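Here is a short tour of one protein chain, meant to be read with the viewer open. Please take a look at the sequence and the model, and then we can walk through them together.

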Amino acid sequence: WAGEGCTGMWACTVTMDSAKAVKAVFSYPSSNAVLSSLMTVSQKSYGEGRLEPDFHPEIKEYTIPRLEPGFIDLMASAESQNAAVVVKKSEVSSGQWSRIYFDGADVTIPVVVTAQDGKTMRGYTVRLCRWYCIGT
């Protein structure tokens, strides 16, 4: 085997003794740390446990107002299948429901997506409120 050098950022040509060229493509770990969806379900809610505002990958802060004390389920799905998702400091599988107990006191739930490269991170927050979420 003898290397002939790289012709670009993503491909190098390697020559074997029989003079046949083999093209090898090297890919780098993804830096995609974006959520593709964020959903909630609450058993006890005056506002049906809906995110406000509606989910969009570029919006990082959400609230769920008018909640009664009890359990709320939160599902965070990463855009990249190789990204890691952490909800309230616990790693979960992307698209897996996380059950969170809401005791009636306003609380902020952190959701962090870490890309496959292990460096790129994006944080989202979901604030649970008994009545209306005021301030930040």
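## Strand β6 and its partner

Let us begin with strand β6, which spans residues 70-78 and is mostly covered: eight of its nine residues are buried. Keep in mind as you turn the view that this is a predicted model. Strand β9, residues 97-102, pairs with β6 in the antiparallel sense, and the pairing runs over six bridges.

In soluble globular proteins, nonpolar side chains tend to be buried together. Here the largest nonpolar core holds 25 residues, and the members that touch the most others are Leu 38, Leu 74, Val 87, Val 126 and Leu 128. Several elements give two or more residues to this core: β4 (35-42), β5 (61-64), β6, β7 (84-87), β9, β10 (107-114) and β11 (121-128). The biggest contribution comes from β6, with four residues.

Setting aside neighbours within four places in sequence, Val 87 is in contact with Leu 74, Ala 76, Val 92, Ser 98, Ile 100, Ile 109, Pro 110 and Val 111.

## The chain as a whole

Zooming out, the chain has 11 strands and zero helices. Of its 136 residues, 34% are buried. Take the contacts between residues at least 6 apart in sequence: 52% of these join residues at least 24 apart. The chain exposes about 8500 Å², and carbon and sulfur atoms supply 53% of that area.

Met 39 belongs to strand β4. Is Met 39 buried or partly exposed? Met 39 counts as partly exposed because its relative accessibility is 39%, and the range for that class lies between 20% and 50%.

## Backbone details in the loops

For those who like to check torsions, the loop between β4 and β5 contains Pro 53. A cis peptide bond joins Glu 52 to Pro 53, with omega at about -5°.

The loop between β7 and β8 (90-92) is another one to inspect, and Lys 88 is found there. Phi of Lys 88 is near 50°, a positive value in a residue other than glycine. Lys 89 sits in the loop between β7 and β8 too, and its phi is also positive, at about 70°, although Lys 89 is not a glycine. Lys 89, with a relative accessible area of 78%, is exposed.

## Thr 114 in strand β10

Our last stop is Thr 114, which lies in strand β10. Which class does Thr 114 fall into, buried or exposed? Its relative accessibility is 17%, so Thr 114 counts as buried, the limit for that class being under 20%.

Which residues is Thr 114 in contact with, leaving aside its neighbours within four places in sequence? They are Ala 33, Ala 83, Ala 84, Thr 120 and Met 121.

Methods: Residues numbered from 1 in each chain as written. Predicted model: local features only at pLDDT ≥ 70, side-chain atom pairs only at ≥ 80, totals over all residues. Heavy atoms only, no water. Buried < 20%, exposed > 50% of the residue type's maximum accessible area, 1.4 Å probe, protein only. Pairing = 2+ DSSP bridges. Core = buried A, V, L, I, M, F, W, Y, C linked by side-chain atoms within 4.5 Å. Contact = heavy atoms within 4.5 Å. Areas by Shrake-Rupley, 256 points an atom, 1.4 Å probe, with all protein chains shown as cover.
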